[in-house]
Amino acid sequence: MAAQIRKLIVELDETRIEMGRTIDPPTRRALAIAVIANPYAGRYSENLDELVAIGEELGGLLGAKCIAALGIAPGQAHSYGKAAIVGEAGELEHAAAILHPKLGAPLRQAVEKGAALVPSAKKLGGLGTAIDVPLGHKDAAFVRSHFDAIEARVSDAPRAGEIVVAVAVTDSGRPLARIGGLQVQDIKGEDGLR
Amino acid sequence: MKMTMIEIRRVHTHVEDIHHEFGPVAAQPLRRGAVCAVLTNPFAGRHVADILPMMDALQPVGIAMAERLRAAMDVPVERIESYGKGAIVGAAGELEHGALWHVPGGYAMRELLGWKGDRAAYAAGKGSPSAGATVGQPGNALAIVPSTKKVGPPGATLDVPMTHINAAYVRSHFDAIEVRVPGAPRPDEIVFILAMSTGARVHARVGGLKAADIAQWNGLR
């Protein structure tokens, strides 16, 4: 069953100046959010296949929306992350079913490669609950300049029978990253870690 | 006084498609959007009597923001049916700093949407034709741009009111979009906001003046 989408939201956040210093080019982070009906709301279901399929659909859709908002070629993406907020009539495992089995593959296709784990967060919440979507470099999880998070929130969701699903993609790291560690230019990109 | 009146630190855009609100799924989803520019507040931390120079300096900022929002919404100007504006002033500023947005914010969107009025008169608060002064539609974006503002902390939400661009009394288009920028405004910042939408509330059905029945072209009905 295809995702029943009530709302689709795309945000783009661009930092031009941080602590009085010009950021050139600006750091840019895109966030795409879908508010969907939870097909398992209000009951226990052993099988969560419908949400797994919805996760696969949303990985591609939300990943492509982020890339479009950034206006970049897929290969120019730097970091990514994903998160879900389950409404009160659902359970945490519903978020897991969307996020973990199948969302990653189409998202990786949208950003090209994606050797690294897609960092994630999940929670149960009500209307306007915010979730911090973790961000990590898509090809090497240890790139320290790209450890970040972006806040996702929908004022009128999730209703009890809904799930808020968010995907974030950037074309840059933190605006004034300067705490050392693995640098982008030193990525090997083979094991997804370094 | 700081050297630069206009210093844009961040720009945040938000676009949403509303397919339904637990009623019939719309054939074409309602698209609403907001653009937020986070600016340094040059008057933070003290009382400055004459703040009007910043109002003029904000004109090009508003025009750039309006076009950026339209581009992010990915629709032609003809599809924009309602609008609104707002400001969130950081803790070291005062509400009056947010009021600087009234002319440049409103003017920018009306200009983008095809307003044919007199810019100087608009800045002087005399931009709208008097009731019954015209016959037929004299231009677009005739209605006042509704607004709200407040002083708030980083991440504060602002419910930006929205109304029809040509007639403020069109009931189907009374709406509001909740806007916030995580992490802004800092105490010495101001978030200036523009909002636009492609139509009525997704399940509008409380009667009143319909957009199709606008007849007076006075910005009201």
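Q: Where in chain A is Gly173(A) placed?
A: This is a predicted model. Strand S7 of chain A covers 162-170. Gly173(A) sits in the segment after strand S7 (162-170).

Q: Does Gly173(A) count as buried or exposed?
A: A residue is buried if 20 or more other C-beta atoms lie within 10 Å of its own, and exposed if 12 or fewer do. Gly173(A) has 20 C-beta neighbours inside 10 Å, so Gly173(A) counts as buried.

Q: Which residues is Gly173(A) in contact with, leaving aside its neighbours within four places in sequence?
A: Two residues are in contact if their C-beta atoms lie within 7 Å. Set aside the neighbours within four places in sequence. The contacts of Gly173(A) are then Thr27(A), His78(A), Ser145(A), His146(A) and Asp148(A).

Q: What separates the C-alpha atoms of Gly173(A) and His78(A)?
A: His78(A) is one of the contacts of Gly173(A). Along the chain, the two residues are 95 residues apart.

Q: Among contacts in chain A between residues at least 6 apart in sequence, what percentage join residues at least 24 apart?
A: Start with contacts between residues at least 6 apart in sequence. Then keep those that join residues at least 24 apart. The share is 79%.

Q: What pattern does chain A follow along the sequence?
A: Chain A has three helices and seven strands. Read along the sequence, they give β-β-α-β-α-α-β-β-β-β.

Q: What is the radius of gyration of chain A?
A: Chain A has 194 residues, so a compact globule would have a radius near 16 Å. The value for chain A agrees with that: 17 Å.

Key:
Residues are numbered from 1 along each chain as its sequence is written. Chains are lettered from A and ligands numbered from 1 in the order in which they are written. This is a predicted model: local features need pLDDT of at least 70, side-chain atom pairs count only at pLDDT 80 or more; totals for chains, interfaces and linings use all residues. Helices (H or I, at least four residues) and strands (E, at least two) are DSSP runs, numbered from the N terminus. The radius of gyration is taken over C-alpha atoms; the globule rule is 2.2 Å times the number of residues to the power 0.38.
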